Amino acid sequence: IIDKASALSFLLLHGQGKSLQGLKLQEFMPDEQDRAHFENSLDNPNTPMLHVVLRDCLGNRIRMQIFHIAFRSSDDTQHHFVGL
């Protein structure tokens, strides 16, 4: 996560002021299978959408759809734009 991600922080009950910058989205996925599926989908442009479970700070499980697309920045670094 490259910015504060205030909306995601609020959704996961971390509070609106809590920054998630520097964390990996996978850190909020309690199931190893979801983490592996998400990581594999980032390398596969034919899998632009998947279903995962995220966990909020109270331990509640939240079913989500994730959409993503890969792109290269001006310095040729690969990034992913992810929507929930």
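Here is a walk through the structure above, from its pocket to its surface and its charged pairs. Keep in mind that you're looking at a predicted model.

Let's begin with empty space. Rolling a probe the size of a water molecule over the atoms shows where such space is left. In this model, the largest pocket holds about 700 Å³. A total of 22 residues line that pocket, and the ones closest to its centre are I1, I2, L25, H80 and V82. Which element gives the most to the lining of the largest pocket? That's strand 3, with six residues. Helix 1, covering residues 6-11, and helix 2, covering 32-42, also supply at least two residues each. Sort the lining by class and you get 13 nonpolar, six polar and three charged residues.

Stay with strand 3 for a moment, which runs over residues 78-83 and includes F81. Is F81 buried or exposed? F81 counts as exposed because its relative accessible area is 57%, and the cut-off for that label is over 50%. Together with I69 and F71, F81 makes a nonpolar surface patch of about 340 Å².

For a contrast, find L54 in strand 1, which spans residues 49-55. L54 has a relative accessibility of 0%, so L54 counts as buried. Now look across to L12: L54 and L12 are 42 residues apart in sequence, yet their C-alpha atoms are 8.3 Å apart in space.

Next, a look at the backbone. L13, in the loop between helix 1 and helix 2, has a positive phi of about 60° even though L13 is not a glycine. L13 is partly exposed, because its relative accessibility is 41%. D76 is another residue other than glycine with a positive phi, this time near 70°. You'll find D76 in the loop between strand 2, residues 61-72, and strand 3. With 52% relative accessibility, D76 counts as exposed.

That brings us to charge. Side chains of opposite charge can pair when their charged atoms come close. How many salt bridges does a search of the whole structure find? The search turns up three.

One of them involves D76 again: D76 forms a salt bridge with R72, and the closest N and O atoms are 3.8 Å apart. That pair counts as a salt bridge because the cut-off is within 4 Å. R72 is partly exposed, at 49% relative accessibility.

Another salt bridge joins the side chains of R61 and D31, with 2.6 Å from N to O. This pair links distant parts of the chain: R61 sits in strand 2, while D31 sits in the loop between helix 1 and helix 2, and the two are 30 residues apart. Both ends are partly exposed: R61 has a relative accessible area of 45%, and D31 comes in at 26%.

There's also a salt bridge between R35 and E32, whose closest N and O atoms are 2.8 Å apart. Here both partners lie in helix 2, three residues apart, which is about one turn of the helix. R35 has a relative accessible area of 23%, so R35 counts as partly exposed.

Conventions. Residues are numbered from 1 along each chain as its sequence is written. This is a predicted model: local features need pLDDT of at least 70, side-chain atom pairs count only at pLDDT 80 or more; totals for chains, interfaces and linings use all residues. Side-chain values use heavy atoms; hydrogens and water are left out. Patches are made of residues with over 30% relative accessible area and no salt bridge: like charges are joined within 9 Å, nonpolar side chains (Val, Leu, Ile, Met, Phe, Trp, Tyr) within 5 Å. Accessible areas come from the Shrake-Rupley method with a 1.4 Å probe; for residues, only the protein chains shown count as cover. Helices (H or I, at least four residues) and strands (E, at least two) are DSSP runs, numbered from the N terminus. Buried means under 20% relative accessible area, exposed over 50%, partly exposed in between (1.4 Å probe, protein chains only). On a 1 Å grid over the protein atoms alone, a cavity is a set of points where a 1.4 Å probe fits but cannot get out, and a pocket is an open set with protein on both sides within 12 Å along at least five of seven lines; lining residues have an atom within 4 Å of a point. Grid points are joined across faces, edges and corners, and a volume is the space filled by probe spheres set on the points. Ala, Val, Leu, Ile, Met, Phe, Trp, Tyr, Cys and Pro count as nonpolar, Asp, Glu, Lys and Arg as charged, and the others, Gly among them, as polar.
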